[in-house]
Amino acid sequence: MAADSGARGTARPATHHPHPATAGHPTILTGATVVLPTGPVENGQVTVDGTRITRSAPENAHLIDVTGHYVIPGFVDLHNHGGGGASFTSGTVGDILKGIHTHRLHGTTTLVASTVTGDMEFLTRRAGLLSELAEQGEIAGIHFEGPFISPCRKGAHSEALLRDPHPADVRKLIDAARGRARMLTLATELPGGLDSVRLLADHGVIAAIGHTDATYEQTVEAIDAGATVATHLFNAMPPLGHRSPGPIAALLEDDRITVELINDGTHLHPAALQLAFHRAGADRVAFITDAMDAAGFGDGRYWLGPLEVEVADGVARLVEDGTIAGSTLTQDRAFQRAVTVDGLTVEDAVTALCANPARLLGLADTIGSLEPGKYADLLILDSTYELKGVMRRGEWVVPPQLG
Ligand SMILES: [Zn+2]
């Protein structure tokens, strides 16, 4: 599986950008609209010293005038399977790093690497490899999507490898991730589902309800058991019905749940996105990519775990039956759509792409907003919300392009 991963269609290599580091040299970004947790500040400034945002800078600080631009925090992606032609589920370490770098070029300064359904032995091995990258600070942890999901709502997961969420098996994945499991998506209505939710919650791992065929009532039970995230709300679950509201109503109405939304214009009609965003409120939405290898790379043939995928016009579908198979979304596009198509305010979009996922990951003290003491993970956007600069941990991943 690993050897065969990656594009065979368009062979456009992802480029690495060996830009000179600025870490260590104090920098002040001036003149920008700085988006803070309290709202945008006109003609604001952000000071960076070393890897952190600071309150003040020494006199020799390097000044960069970004008048006419926005400065916002780096994006945080809770749910991401790959990019740049590389898969987090099946790629080599080099592939995975290329995928991470591709998403950094698009503003995602923190990401959780998501796996897809595989057999238990394969997944435990992947967990070991990904946990090393988490220890090195390359990823913020691991999200297991499958194998404990519903065959009725399997999406782009291999049906033959699905299994019920037996707590002993869930425990095996948690252990294999060596403290780096951050989230596990499961169909909580399956045998063992509620006990698995409790187990995950006890271990500080987010229990995410998804790829589920649960009723409204079953979903309420799972939330009461400790589930806190809805995996790509609307996708891979029963639709909202007026006599059988299903999981969607239960997930939207409960303040304990944050809902993931894939804002690529393909997975959700803009009206569905609006409905969810306004019902949950900005503080309970996380815009994720659910990206697969083709994100930031191009159309062609790919593998998603053991299943073959055709990407055409940026939409990924299983070759066998046309099911949508992850996205080719990057978070800079999700942000731009949120503001220009969905009509969200810049601060609400920042909340959904930065602050909320940082909070869910327990990282709100170091990332997710532009406050002194936090990591200098920041983005420069022009007046049309086009990405024009990416800084991560005080180093430019994309140097400012202020033309
Ligand atoms: Zn996914």
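I began with Ala-236, in the loop between strand E13 (229–230) and helix H6 (246–253). The model is a predicted one, and I kept that in mind throughout. I read a phi near 65° for Ala-236, a positive value in a residue other than glycine. Most residues other than glycine have a negative phi. Next I checked its surroundings. Ala-236 has 25 C-beta neighbours inside 10 Å, so I put it down as buried.

I then turned to Arg-393. This residue sits in the loop that runs from strand E20 (387–392) to strand E21 (395–398). Its phi is also positive, about 50°, although Arg-393 is not a glycine.

Most peptide bonds are trans. The bond joining Gly-146 and Pro-147 is cis, with omega about 15°. Pro-147 belongs to the loop between strand E10 (142–145) and helix H3 (167–176).

I noted nine helices and 21 strands in the protein. The C-alpha trace spans about 65 × 45 × 40 Å along its principal axes. The radius of gyration is 20 Å; a compact globule of 403 residues would have one near 22 Å, so the two agree. Of the 403 residues, 53% count as buried, and Ala-236 is one of the buried residues. I also checked contacts between residues at least 6 apart in sequence: 69% of them join residues at least 24 apart.

Technical notes:
Residues numbered from 1 in each chain as written. Predicted model: local features only at pLDDT ≥ 70, side-chain atom pairs only at ≥ 80, totals over all residues. Helix = DSSP H or I, 4+ residues; strand = E, 2+ residues; numbered from the N terminus. Buried ≥ 20, exposed ≤ 12 C-beta atoms within 10 Å, placed from the backbone. Rg over C-alpha atoms; globule rule 2.2 N^0.38 Å. Contact = placed C-beta atoms within 7 Å.
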